[in-house]
Amino acid sequence: MPTPKKTDSKTASKEAAAPKKKCCRKKKDADLEKSAKTAAARNEFTDEQTEAIAAAKAELAANPEWEHFVKMQRQHLLDLRDKSLDSMNGVARDTLRNHPEGSEASGSGEHQADAGSDAYDRDFALSLLSKEQDGLYEIEQALARIDNGTYGICEMSYKIIPIPRLEAI
């Protein structure tokens, strides 16, 4: 019968601290996507990417409808941004008005079920605000792409996005 291998505390801690190698395609794809978006945000492109973007820009400029479409999209995005900001302000205002922190209504004088309902309402309002904030970020990014001339060009493949797809905001 083989004898069990003896390990001291130093050996056990080294084995536990050793990094495990994982081969994960999804992580690599996510890293590539993140680096592409980071490069696009800083306008740091490889020569190949710059050429692809220039070709896409030239193709878009050749489309006689493109300039008018971008102006309309800009206005639509600005309107969406205003609606989103108004909605966020309304939700925040209503949440603060209905659930003031530190008031006598919150705390020991309130029934537990009421406190639970109020907590749920606050969490729901915060969830709405978070989603609105995410949408607002995307709108701001689209407006920035319009300003730098890359609106309508895919950030990953640098190919032209069809107008019907861009209209589906």
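Mentor: We begin with helices: a helix is a DSSP run of H or I with at least four residues, a strand a run of E with at least two, and both are numbered from the N terminus. The model is predicted, so local features need pLDDT of at least 70 and side-chain atom pairs pLDDT 80 or more, while totals for chains, interfaces and linings use all residues. Residues are numbered from 1 along each chain as its sequence is written, and side-chain values use heavy atoms, without hydrogens and water.

Trainee: Where do Trp66 and Phe69 lie?

Mentor: Both belong to helix α4, three residues apart, which is about one turn of the helix.

Trainee: What makes Trp66 and Phe69 an aromatic pair, and which kind is it?

Mentor: Rings of Phe, Tyr and Trp (its six-membered ring) pair if their centres lie within 6.5 Å; planes under 30 degrees apart are stacked, over 60 edge-to-face, and the rest tilted. The centres of Trp66 and Phe69 are 5.6 Å apart with 35 degrees between the planes, and the pair is tilted. Together with Tyr151, Trp66 and Phe69 form one aromatic cluster.

Trainee: How many aromatic pairs does this rule give?

Mentor: The count is four.

Trainee: Why is the pair of Phe45 and Tyr158 given its class?

Mentor: Its ring centres are 6.1 Å apart and its planes stand at 90 degrees, so the pair is edge-to-face. Phe45 is in the loop between α2 (25-42) and α3, and Tyr158 in the loop between α5 and α6 (163-167), so the pair ties together parts 113 residues apart in sequence.

Trainee: Is Tyr158 buried or exposed?

Mentor: Buried means under 20% relative accessible area, exposed over 50%, and partly exposed in between, with a 1.4 Å probe and protein chains only. Tyr158 has 11% and is therefore buried, whereas Phe45, at 24%, is partly exposed.

Trainee: What is meant by a nonpolar core, and which residues have the most contacts inside the largest one?

Mentor: A nonpolar core is a set of buried Ala, Val, Leu, Ile, Met, Phe, Trp, Tyr and Cys residues joined through side-chain atoms within 4.5 Å. The largest has 15 residues, and those with the most contacts inside it are Trp66, Phe69, Val70, Leu77, Tyr151 and Ile153. Helices α3 (47-62), α4 (66-98) and α5 (112-148) each give it two or more residues.

Trainee: How do you know that the span of α5 agrees with expectation?

Mentor: The expected span is 1.5 Å times one less than the number of residues. For the 37 residues of α5 this gives 54 Å, and the end C-alpha atoms are 54 Å apart, so the two agree.
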